[in-house]
Amino acid sequence: MRITLCNEVIAPMPFPAQCEYAAKLGYDGLEVAPYTLSEEPQRMGTAQIAAARAAAEDAGIAVTGLHWLLVKPAGLSITSRDDAVRRRTVDAMLALVDLCAELGGRYLVHGSPQQRRIEAGDTREAALARAKACFAAAAERAAKAGVIYCVEPLAPDATPLINTLEEAAALVNEIGNPALRSMLDCSAAGRSEAEPPSALVERWVPSGMIAHVQVNDRNRRGPGQGEQRFAPLFAALLRNGYRGDVAVEPFDYVPDGPGAAARAVGYIRGILEALGQQ
C-alpha cells in the first residue's frame, strides 16, 4: 500500500520541487492533476512528459496516477447533449489514459463534478447513458494501456450523477470491462453514504470494485483534521488485503498546502505504525 499526495495541494511549487518535497515528507508518490502540468494536458508532448517523469524519478518518488481529469481544457462534459462536446471530452479522456501510462501511473480517478452535471431540461437517465458511453470508451483505452480507470462517486452537493459506490458499481458492472472500476473518497462518502468508509471497504474491496482510496475528512480538510477517524479505515484495508494506493486529498488546506501535506502523512504513518505496518 503506497501513500501518495494529490499534487495540487502543493501546486504553487514547480513540479520538480513538488516531487522533492513530497519525497522528503515520506510520501511514496504523487497523484497528479493534469491541469497542474499544462493548460492542455491532453496535448502534452513527448519531451514534456519525459521531463515530468524524470523529475519524479530523480526525487525517488512515483507518479501513482491521475485525478481531476477534465478541469482543462474548458468546456468538457461527459453528459452534454452536444455530440461535439462529448467527442472532445472522450478524446481528452483517451489522451489522459495514455498520459497516465507514459508517466508510470497505475490508475485514473474520474471525479470532475462540473463536467458531469445534468443539463436543464435533461433527464438523469439520458445523462447517465451518455456518461456510460464515455466511460466505456475510456475503459477500452485503459485496458490497452494497462491502467485502471476509476469512476469516482461524489456527494450530491458536488454533482447529481453517481453519488454512491452502489451507483458506481452498477455502472461499472453494466459496462463489464475489468479496466473500469470504482474508488473510495472518504470526504464524499462521509456526505453521501449510509455506511462509514471502513464498512464500505469491508463490503467492496473483496469484490475488487474499490481500486483506489482518497483520504480526507468530510469537512474537506486533511485526514486527522476533523471528526472522522481513519484508523478503522486502514485496519479494514489491511484486513481485506488492499494492495492499491491511498492518496491524501484535502480541499481546505490548513495551515497551508505544504503544512497540510506534512500533517497528513505524519498522521497516516502513525496509524500504520500502530497497526504494525512500519
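Tutor: What follows takes up the cavity, then a helix, then a single arginine. This is a predicted model, in which local features need pLDDT of at least 70, side-chain atom pairs count only at pLDDT 80 or more, and totals for chains, interfaces and linings use all residues. Residues are numbered from 1 along each chain as its sequence is written, and side-chain values use heavy atoms, with hydrogens and water left out.

Student: How many cavities of 30 Å³ or more are there?

Tutor: The structure holds one, and the largest cavity has a volume of about 50 Å³.

Student: Which residues line the largest cavity?

Tutor: The lining includes Pro153, Asn163, Leu165, Met183, Asp185, Glu193 and Leu200, where lining residues have an atom within 4 Å of a point on a 1 Å grid at which a 1.4 Å probe fits but cannot get out. Strand β6 (180-185) and helix α6 (186-192) each supply at least two residues of that lining.

Student: Switching to α7, which of its residues are buried?

Tutor: In helix α7 (residues 197-204) they are Pro197, Ser198, Leu200, Val201 and Trp204, buried meaning under 20% relative accessible area with a 1.4 Å probe, protein chains only. They cover an arc of only 160 degrees around the axis, so they lie on the same side of α7.

Student: What covers them?

Tutor: The cover includes α5 (165-175), β6, α6, β7 (210-215) and α8 (231-239).

Student: And Arg86, buried or exposed?

Tutor: Arg86, in helix α3 (residues 83-103), counts as buried because its relative accessibility is 18%. Leaving aside neighbours within four places in sequence, Arg86 is in contact (heavy atoms within 4.5 Å) with Ser77, Ile78, Ser80, Arg81, Arg130 and Cys134.

Notes:
On a 1 Å grid over the protein atoms alone, a cavity is a set of points where a 1.4 Å probe fits but cannot get out, and a pocket is an open set with protein on both sides within 12 Å along at least five of seven lines; lining residues have an atom within 4 Å of a point. Grid points are joined across faces, edges and corners, and a volume is the space filled by probe spheres set on the points. Helices (H or I, at least four residues) and strands (E, at least two) are DSSP runs, numbered from the N terminus. Buried means under 20% relative accessible area, exposed over 50%, partly exposed in between (1.4 Å probe, protein chains only). The arc is that of the directions from the helix axis to the C-beta atoms.
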